[in-house]
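Q: I would like to learn how to read the packing of a model, feature by feature. Could we begin with how helices are assigned and then work inwards?

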Amino acid sequence: MLRVAIPNKGSLSESASTMMREAGYAQRRDTKELVLTDADNGVEFFYLRPRDVAVYVGEGTVDLGITGRDLLRDSGSTAEEVLQLGFGGSTFRFAAPAGTMTSVQDVAGRRVATSYAGLVQSHLSELGVQASVVRLDGAVETAVTLGVADLIADVVETGTTLRNAGLEVFGEPILRSEAVLVRRCQGGTADPGAVETMIRRLQGVLVARQYVLVDYDCPADLVDAATAITPGLESPTVSPLRDPAWVAVRSMVPRRRTNAVMDELYRIGARAILVTDIAACRL
């Protein structure tokens, strides 16, 4: 049976479970549940601390897991990233008192407070910068004010919290993170086929979230113009209607372009334009 780790709480937990449900897997209904067996799909889910997921995967205790790229890098685990999942995005950056630092070279010889000591130390080592990394749990914005550190490294969203603490970001981002599916590098899963099935299912969810299905009626003499607007992935479906002067067209369209595509189709003469969400997909 395939063993899969899911974050038990935090910003990744609900989205990870939602994605698994959309991929056809059973998920817990009570947040107090720590283990759930999906017998129909041959999968056992373990709900673990987000920081521990990559460690368990790397050690081979579980076969797959969902965690953040930042947590994977910070853990030092040998688990490998196999699929970006499109949620939980964040940017990890350095921040220091306003006007005091402009590049990562300014970090040399300083104290850096962070909750991601492994990630920061690895990043600095790659750049050849020597600095003291101070590991703190929880919020680190007050570390400079309290004299614990000279600067911090943390997840930055709007930057409002940093500005309120008298800090500003500088230099290039340390890491752009998002939720990822990870597996152990050396293989050895109980059922490699089940791993590939889960990856394909999750890829199908990602595609379904990115596309919609567009159906419309089109004058037969305008099919070439219409299908140029909706080319689909391989080719659109074109079906005859009872009126030989018209055809029905079906095609997958990027969700972000839905309204623009509808406008273009209507402008050239297409009618009865319908848009349908895609629940799942295989390419």
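A: Helices here are DSSP runs of H or I with at least four residues, numbered from the N terminus. In this structure, which is a predicted model, Thr 258 lies in helix α8, a run that covers residues 258–268.

Q: Is Thr 258 buried or exposed?

A: A residue counts as buried when its relative accessible area is under 20%. Thr 258 has a relative accessibility of 11%, and therefore counts as buried.

Q: Which residues does Thr 258 touch, leaving aside those up to four places away in sequence?

A: With those sequence neighbours set aside, Thr 258 touches Val 212 and Val 275. Val 275 is 17 residues from Thr 258 in sequence, while the C-alpha atoms of the two are 8.0 Å apart in space.

Q: What does Leu 85 touch, not counting residues up to four places away in sequence?

A: Leu 85 touches Met 19, Ile 66, Glu 178, Ala 179, Val 180, Leu 181, Leu 202 and Leu 206 on that count.

Q: At what angle do the axes of α1 and α6 cross?

A: Angles of 65 to 115 degrees count as roughly perpendicular. The axes of α1 and α6 come within 9 Å and cross at roughly 100°, which means that α1 is roughly perpendicular to α6. On the α1 side the contact is made by Thr 18, Met 19, Met 20 and Glu 22, and on the α6 side by Met 198, Leu 202, Val 205, Leu 206 and Arg 209. Sorted by class, this contact of α1 with α6 has six nonpolar, one polar and two charged residues.

Q: How many disulfides does a search of the whole structure find?

A: A disulfide is a pair of cysteine sulfur atoms within 2.5 Å. The search of the whole structure finds zero disulfides. As for individual cysteines, Cys 218 is buried, with a relative accessible area of 0%, and Cys 281 is also buried, with a value of 10%.

How values were computed:
Residues are numbered from 1 along each chain as its sequence is written. This is a predicted model: local features need pLDDT of at least 70, side-chain atom pairs count only at pLDDT 80 or more; totals for chains, interfaces and linings use all residues. Side-chain values use heavy atoms; hydrogens and water are left out. Buried means under 20% relative accessible area, exposed over 50%, partly exposed in between (1.4 Å probe, protein chains only). Contact means heavy atoms within 4.5 Å. Axes are lines fitted to C-alpha atoms, for helices over the stretch in contact, and angles run from 0 to 180 degrees between N-to-C directions. Helices (H or I, at least four residues) and strands (E, at least two) are DSSP runs, numbered from the N terminus. Angles under 35 degrees count as roughly parallel, over 145 as roughly antiparallel, 65 to 115 as roughly perpendicular and the rest as oblique. Ala, Val, Leu, Ile, Met, Phe, Trp, Tyr, Cys and Pro count as nonpolar, Asp, Glu, Lys and Arg as charged, and the others, Gly among them, as polar.
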